[in-house]
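The following report describes selected packing and pairing features of a predicted model. Please view the sequence and the structure before reading on.

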2 protein chains.
Amino acid sequence: MNDVIALLQAHRSIRKFKPEPVPDAQIEEIVRCGQAAATSSNIQATTIIRVRDGARREKLAELAGGQSYVASAGAFLVFCADLHRTRLACELRGGDFSSEMTEQFIIATVDVALAAQNCVVAAESLGLGICYIGGLRNNPQGVAELLELPESVYPVFGLCLGFPDQDPEIKPRLPLSAVLQEDRYQDAGARASIEGYDEKLSAYYRTRSGGTKNSTWSEEMKALGGKSRPHMREFLARRGFALK
Amino acid sequence: MNDVIALLQAHRSIRKFKPEPVPDAQIEEIVRCGQAAATSSNIQATTIIRVRDGARREKLAELAGGQSYVASAGAFLVFCADLHRTRLACELRGGDFSSEMTEQFIIATVDVALAAQNCVVAAESLGLGICYIGGLRNNPQGVAELLELPESVYPVFGLCLGFPDQDPEIKPRLPLSAVLQEDRYQDAGARASIEGYDEKLSAYYRTRSGGTKNSTWSEEMKALGGKSRPHMREFLARRGFALK
C-alpha cells in the first residue's frame with residue numbers, strides 16, 4: 001500500500017474543527033486539484049463558491065438544517081453544477097445552449113462530484129479534515145438566492161474544511177465482494193453480506209469513542225426512506241434543469 | 001506542493017494501453033479506495049462491475065460508440081448507481097424503498113462519482129492510466145441488459161484502466177478565477193476568461209504532439225449542444241428512477 005492509497009483509506013468525516021481559517025493559498029491549491037479531475041467533453045461544469053462572509057455562513061448553516069460546523073469550519077465551499085458558463089461560451093459563437101435535458105444534468109452533477117473528490121483528497125493530504133454537506137439540498141432555493149446563482153446553476157453540496165479538532169474512527173464499509181462484481185450483476189449473496197455488515201456496523205457504533213448509538217445498516221437504510229427532499233424536482237426545473 | 005497534489009494535477013486521460021492486464025490485487029485495492037470515499041448517509045450506492053469476459057468487453061466497446069480501448073484496456077469497470085441493495089436492506093427490516101425521487105437519483109449518482117474519483121486517484125498512484133467512458137450512456141439499455149442490472153441500478157459511466165502506452169500532455173483548464181468565486185456568483189469577468197481560455201486551449205491543440213486539431217473551448221461547447229442523449233429520461237424511468 002503506497003502513501004496515496006493509505007491516505008484515501010484513512011478518510012473519515014470531520015465535524016469539529018480548530019478555529020484557524022484555511023489559508024487562501026491552500027484553498028487555491030485544493031481547487032486547482034479539483035480542476036485537474038476528468039470532465040465530460042472538457043465541459044468543466046463546476047463552480048466553487050467559497051463563502052467567507054460570517055452572516056452568509058450562519059445563514060447557510062441554518063439552511064442546511066442547523067449544522068453549526070458549516071459556520072465554524074476553517075473554510076466552507078459550495079460546489080455548484082454550472083451550465084450557465086457553457087451557455088455564455090455558446091453565445092460567444094452565436095450558438096444556443098439548453099440545460100433542460102436529463103443527460104446534461106447528469107454530466108454537470110458528475111463533473112462537480114469528480115472535482116469535489118479531488119479537492120477532498122488534496123485537502124486531506126494537507127492535513128485538513130472535511131465533511132460534505134448534502135444538507136444544502138434541504139433548502140436549495142434559499143442557497144441559490146443567498147449565493148445569487150443564475151439560471152442553469154444549482155448547488156449540489158457544500159464542503160466544510162478545516163484543521164481537525166477530533167479524531168473519529170474510520171467507519172466500516174460493505175464487504176468488497178458486495179461492491180465489486182464480475183461480468184454481470186449478481187445479488188445471490190446480497191442478503192448475507194448485508195446481515196454481516198449489519199453486525200460489523202453495530203459493533204462499530206457500540207465501541208467507538210462516546211458511542212451510544214445502537215443501530216445497523218439495514219435499520220439506517222429503512223429510516224432513510226422518508227428523507228427524499230420532495231422539492232428537488234420542482235427546484236431544478238425552476239433553475240433551468242427540467243430533466244427532460 | 002506535496003506528492004499527492006502533484007499526482008492530482010498531473011492527471012490526463014489515457015486512451016492507449018499496454019496489453020498487460022491489471023492485477024486482481026490492484027483492482028481490489030483500487031476499489032477499497034473507492035469504498036473509502038464519503039457517501040451520503042452511508043448509503044454506499046455504488047456497485048462496480050469489472051468486465052473481464054472478452055465478448056462482453058467487445059460489446060461494451062460497441063455500445064459506447066466504438067471506443068476500442070473499452071475492449072483493449074488492462075481492465076474495464078462499469079460504475080453503477082445502485083439503490084437495489086438499499087431496497088434489499090429495507091426489506092430485511094420490513095420496510096420499503098422507492099428510488100423514484102429526484103433526490104435519490106442525485107444521492108446515488110454523486111455517491112458513484114465520489115467513489116470513482118477515489119478509484120482513479122488510487123489507480124494513478126499505482127502508475128496506471130485511466131479514461132472515463134461516459135459513452136456507456138449512448139446505449140444504457142444495452143449496457144443494463146448485458147450486465148443484467150436489476151431495477152434501481154443504472155450504469156453511470158465506465159472506466160478504462162491500464163498501463164499507459166502514450167504520454168499525452170496535460171490539458172489546460174479554465175482560469176482559477178472563473179471557477180473559484182467568493183461569497184456569491186459573479187460572472188462579470190466570465191466572457192473575458194472564456195476568451196482567454198479559448199486562446200490557451202487553441203495553442204494547446206496546435207502544439208501538442210501530433211495535434212492537428214484547430215478549435216477553442218467556446219467552439220467545442222457550441223458543438224456539444226446536440227449531444228444530449230435524449231433517451232436518458234425514459235431509460236431512467238424504466239430502471240426505477242422516475243425523477244419525481
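How many bridges join strand β2 of chain B to strand β4 of chain B? Eight bridges do so, linking residues 75-82 of β2(B) to residues 153-162 of β4(B), and the two strands run antiparallel. Within β4(B), the residue that stands opposite B:Phe76 is B:Cys160.

Helix α5 of chain B, which spans residues 84-92, packs on the sheet and touches β1 (46-50), β2 and β4 of chain B, while its direction makes about 50° with that of β2(B).

The sheet itself is open and consists of five strands with mixed pairing, in the order β5(A)-β1(B)-β2(B)-β4(B)-β3(B). Its edges are formed by β5 (180-182) of chain A and β3 (129-133) of chain B, each of which pairs on one side only. On average, and with direction ignored, neighbouring strands of this sheet are turned by 25° against each other.

A helix pair in chain A is considered next. The axes of α9(A), residues 190-207, and α10(A), residues 217-224, come within 7 Å and cross at roughly 95°. Because angles of 65 to 115 degrees count as roughly perpendicular, α9(A) is described as roughly perpendicular to α10(A). The residues that make this contact are listed by helix below.

| Helix | Residues in the contact |
|---|---|
| α9(A) | A:Ile194, A:Tyr197, A:Asp198, A:Leu201, A:Tyr205 |
| α10(A) | A:Trp217, A:Ser218, A:Glu220 |

Definitions and conventions
Residues numbered from 1 in each chain as written. Chains lettered and ligands numbered in written order. Predicted model: local features only at pLDDT ≥ 70, side-chain atom pairs only at ≥ 80, totals over all residues. Heavy atoms only, no water. Axes fitted to C-alpha atoms, helices over the stretch in contact; angles between N-to-C directions. Helix = DSSP H or I, 4+ residues; strand = E, 2+ residues; numbered from the N terminus. Parallel < 35°, antiparallel > 145°, perpendicular 65-115°, else oblique. Contact = heavy atoms within 4.5 Å. Pairing = 2+ DSSP bridges.
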